[in-house]
Amino acid sequence: MTLRSPLLPVLVAGTLIVFAWLGLASGPVRDAALLAAAVVAGAGVAHRASLALRRGHVGIEALVALAALGAVAIGEYWEAAAVTFLFGLGHMLEARAMGRTRRAVAELLDLLPDHVRVLRGDAEVDVDPSEVRAGDLVVVRPGERVPVDGRVERGRAAVDESTLTGESMPVDKGPGDAVATGASAHGYLEVRAEAVGADTTLARVVHLVEAAQEARPARQRAIERFARFYTPAVVLASALAFALTRDAHIALTLLVIACPGALVIATPIALVAGIGRSARDGVLIKGGDALERFARTAVIAFDKTGTLTLGRPRASDVVLAGGEAFEVPPDALERTLDPGALRLVALAARAETGSEHPLALALRTAAGTPVGARPDQVESVSGGGARATVDGSRVAVGSPRFLAEAGVRLAAGDLAALDALRARGRTVAGVARGGRFEGWIGFADAVRPHAAEAIAALRSLGARRLVMLTGDHALAAAAVADELGIDDVRAGLLPGDKATHVAELGALGGVVAMVGDGVNDAPALARADVGVAMGVAGTRVALEAAPVALMRDDLRALAAALATAQRTMRVVRQNLAIALGTVAILAVGVLAGHVHMALGMLVHQVSVLLVVLNAVRLTRAQAGSSAAGALAGSSGASASHQTRTRSATASGSLS
């Protein structure tokens, strides 16, 4: 504790008051002790009041100082000491609580190490973090935190990124994978630094959240404008009360109880706490205005690819020549897929050896490794498929048109199977060997894990309309919508079309949020009332573009963020009710003669503390806040049976 600590004058004043009231002093000595307590506790109040008056602002400190001086003038030393002591105590506790809400984010900076190991040649050199440069090779040992943003060049480790993304489970990282500052590595890594110091994701997150906490939303600005007029009005009302009653005690008590302290802090302390809580959960909400709008979200529009889905196709269906059909499970394929279907997938994967096309990668994943010897005479046809010689046979893999152009004949049953796969929104590739048709393989973009859970949670939080805006073809979009329970699908859209649809949704009424990747969906994100960029950890443009940014690719974080925003606004409303209700009750008590100055200040400070403590509740994790699927409960069971309206502005080939 320093001499400048707000705790010191409170302790000294409290000691003097106890000394006076324990009977250790009487008469002039008692009065002197109480007067000294008022001076010690009130010096800081008077100083802040004078600074505010120089700026032309009559604030709460001016009211308290005026009331204390008036009490001294009429010989009410106890009242003067009690008023200044209680106000000083409340101010100290308020400052400590506000500091706690800010430290919830600032503590992230404490995760940075005080030294960094850098490889210089074959030697490890300990350097200060400020000396690390982009391009340096940084060594991270088991149990240490990553000091830079970069990519792993050597080693493998389970990396805990919860400090940045809110994701509770460690993620396996190896060569080529990106890692971010502040993550904890459970293994040895050598990381090539790409961003250091203030350019790291962690530093940018802290900066953005601190800026958001400092920004004053419209509601807070309105209250501050009200307080500027309210405070002089209180002084005039007090003077009028004295003129009518000739009772200085009533006039001074009115000054004390009408202090707008709880009213002034009711909104900002709740918003600071809510923004800090969201940041710790891996969601950046950039300012009180964004949080207020987000809390009132009624319509949520989603991009499909990369937002609702993983953006990586997987083999989902196999239909052998003749019509025997199999669904491909997403896991443990070698153990669960029918042998005949697996042979077809393996044949196609061998023909696609060396191709980096997403469907070729999906085939190799579905077939497992190894799939057999490398084929001969591999030929890729752009936009069509591939031909290769496999075990002496000529194999063709590609779209139905590609097979037709290669002279492969299809039976009526095979064409019916193709139509059935297309009707389910599948992208379809055919396989032929030696000119004879072998079967179809259907591909689907896998829905994100827990996406249906998150959609149900968003409905339970009051999102009355959920819309998919996608550039994909209508049937593929419909398949994803059926799985997730989204009731309005608008397909075949260009980026500009998405922005137009967002505007149309806004015209129907209610706050519209748009969820996308922060880059391709930029026009729609900008047009929405609340743009939400998803999975932007380490992405500077997306991190700084949208009012709300999810630091990981998990839609449950969106539901958790909406729940926190709504909870924050409930706390704001509760705080305003506490502040205004306390003033009204105390005013009635003063006019009725039941409330004196010290009691009025005590009740007033209790109201301030209630406002503070109510807001501080937001800094604690809500049950299920890190996995908002808990919000869904049983409400997410059957959304897919709802009536759907679909608007496909363009159709396209599924092949």
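Is Trp 440 buried or exposed? Trp 440 is buried, with a relative accessible area of 0%. Here buried stands for under 20% relative accessible area, exposed for over 50%, and partly exposed for what lies in between, using a 1.4 Å probe and protein chains only.

Before going further, a word on the model: it is predicted, so local features need pLDDT of at least 70 and side-chain atom pairs count only at pLDDT 80 or more, while totals for chains, interfaces and linings use all residues. Residues are numbered from 1 along each chain as its sequence is written, and side-chain values use heavy atoms, with hydrogens and water left out.

**An aromatic pair**

The structure holds one aromatic pair. Its partners are Phe 437 and Trp 440, tilted at 55 degrees between the planes and 4.7 Å centre to centre. Rings of Phe, Tyr and Trp (its six-membered ring) pair if their centres lie within 6.5 Å; planes under 30 degrees apart are stacked, those over 60 edge-to-face, and the rest tilted. Phe 437 is buried too, at 7% relative accessible area.

**Two open sheets**

Helices (H or I, at least four residues) and strands (E, at least two) are DSSP runs numbered from the N terminus, and two strands pair if DSSP finds at least two bridges between them. Six strands make up an open antiparallel sheet in the order E2-E1-E3-E9-E4-E7. Strands E2 and E7 (178-179) are at its edges, each pairing on one side only.

Within this sheet, five bridges connect E1 (residues 116-120) with E2 (residues 123-127). The hairpin of E1 and E2 has two residues between the strands, and Gly 121 there takes a positive phi near 70 degrees. Val 118 stands opposite Val 125 in E2 and opposite Val 138 in E3. Elsewhere in the sheet, E4 (residues 149-155) and E9 (residues 189-195) share six bridges, with Val 152 opposite Val 191 in E9.

Another open antiparallel sheet has three strands in the order E6-E5-E8. Strands E6 (171-173) and E8 (184-186) each have a single partner strand, so one side of each is left without a neighbour in the sheet. Three bridges join E5 (residues 157-160) to E8, and Ala 158 has His 186 as its bridge partner in E8.

**Salt bridges**

Side chains of opposite charge can pair when their charged atoms come close. With a salt bridge taken as a side-chain nitrogen of Lys or Arg within 4 Å of a carboxyl oxygen of Asp or Glu, the count comes to 23. Here are some of them.

| Pair | N to O distance |
|---|---|
| Arg 117 and Glu 124 | 4.0 Å |
| Arg 424 and Glu 327 | 3.7 Å |
| Arg 490 and Asp 488 | 3.1 Å |

Arg 117 is buried at 18% relative accessibility, whereas Glu 124 is partly exposed at 35%. These two residues also belong to a network of salt bridges with Arg 141 and Glu 144. In the pair of Arg 490 and Asp 488, Arg 490 is buried at 10% and Asp 488 is buried at 3%.

**A nonpolar patch**

On the surface, Leu 599, Leu 602, Val 603, Val 606 and Leu 610 form a nonpolar patch with about 360 Å² of accessible area together. Patches consist of residues with over 30% relative accessible area and no salt bridge, with like charges joined within 9 Å and nonpolar side chains (Val, Leu, Ile, Met, Phe, Trp, Tyr) within 5 Å. Accessible areas come from the Shrake-Rupley method with a 1.4 Å probe, and for residues only the protein chains shown count as cover. Val 606 lies in helix H23 (residues 597-616) and is partly exposed, at 40% relative accessibility.
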